[in-house]
Amino acid sequence: MNDLVGLRYAWGHRPGDGSGMTDCFQLTCEVRRRLGLPDYADRFAWVYERYDEQTFPHRRIARWLLELGTKLPDPLPGAVALLPGRCGPALGTVTEHGVIFIAPGQNVVHAPVPAGVGRYFWMKR
């Protein structure tokens, strides 16, 4: 996962596209792939066609997590984290060593799971 650390935030970009940027959804999909878990990138490609960063309704993130996942009382490796952010909620992925997400400074970080912050979901499908 070290190659993901330091990528900059940009709507609609994904790790590996050569831009050095990613958004939180694409980052989460990439980490889940690397952990051998299903991702949802192809299934939600329409979001980038229909919305831009300013028009995307953040409630869709919570809806997606509740429809396709189960809320967990504690973080587990592979779980999707819903973290609070200045510009709205952000997604991350729990790993054996913490959570990988886009920090407030707009860079991808891999940090210890913050105690008492965020919600965690096990994605069923």
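A word on the ground rules. This is a predicted model, so local features need a pLDDT of at least 70 and side-chain atom pairs count only at pLDDT 80 or more, while totals for chains, interfaces and linings use all residues. Residues are numbered from 1 along each chain as its sequence is written, and side-chain values use heavy atoms, with hydrogens and water left out.

Let's begin with strand β4, which covers residues 80-83. Helices (H or I, at least four residues) and strands (E, at least two) are DSSP runs, numbered from the N terminus. In a regular strand, the side chains alternate between the two faces of the sheet.

Which strands does β4 pair with? Two strands pair if DSSP finds at least two bridges between them. β4 and β5 are antiparallel and share four bridges, and L83 sits opposite A90 in β5. β4 also runs antiparallel to strand β8 (residues 119-123), with three bridges joining them. You can trace this pairing through V80, whose bridge partner in β8 is F121, and through L82, whose partner there is R119. Strand β3 (residues 69-72) pairs with β8 too, in the antiparallel sense over four bridges; look for T70 opposite W122.

Now for the greasy part. A nonpolar core is a set of buried Ala, Val, Leu, Ile, Met, Phe, Trp, Tyr and Cys residues joined through side-chain atoms within 4.5 Å. The largest one here has 25 residues, and W64, L65, L91 and M123 have the most contacts inside it. At least two residues each come from α1, α3, β4, β6 and β8, with α1 giving the largest share, five residues. Apart from this core lies another, of nine residues, including L72, A79, V99 and Y120.

What does W64 touch? Contact means heavy atoms within 4.5 Å. Leaving aside neighbours within four places in sequence, W64 is in contact with F25, Y40, F44, G69, V80, L91 and M123.

Next, the empty space. Rolling a probe the size of a water molecule over the atoms shows where empty space is left. On a 1 Å grid over the protein atoms alone, a pocket is an open set of points where a 1.4 Å probe fits, with protein on both sides within 12 Å along at least five of seven lines; lining residues have an atom within 4 Å of a point. The largest pocket has a volume of about 830 Å³, where volume is the space filled by probe spheres set on the points, and points are joined across faces, edges and corners. There are 34 lining residues, and C24, H58, I61, P89 and A90 are the closest to the centre. The elements giving two or more residues to this lining are α1 (24-34), α2 (46-50), α3 (59-68), β5 (90-95) and β6 (98-102), and α3 gives the most, with six. By type, the lining residues are 24 nonpolar, four polar and six charged. Ala, Val, Leu, Ile, Met, Phe, Trp, Tyr, Cys and Pro count as nonpolar, Asp, Glu, Lys and Arg as charged, and the others, Gly among them, as polar.

Finally, some single residues. V94 belongs to strand β5 and is buried, with a relative accessible area of 3%. V94 and V31 are 63 residues apart in sequence, but their C-alpha atoms are 9.0 Å apart in space. Compare D39, in the loop between α1 and α2, which is partly exposed at 26% relative accessibility. Not counting residues up to four places away in sequence, D39 touches C29 and R33.

What about backbone angles? Most residues other than glycine have a negative phi. Q106, though not a glycine, has a positive phi of about 75°. Q106 lies in the loop between β6 and β7 (108-111) and is partly exposed, with a relative accessible area of 26%.

Key: Buried < 20%, exposed > 50% of the residue type's maximum accessible area, 1.4 Å probe, protein only.
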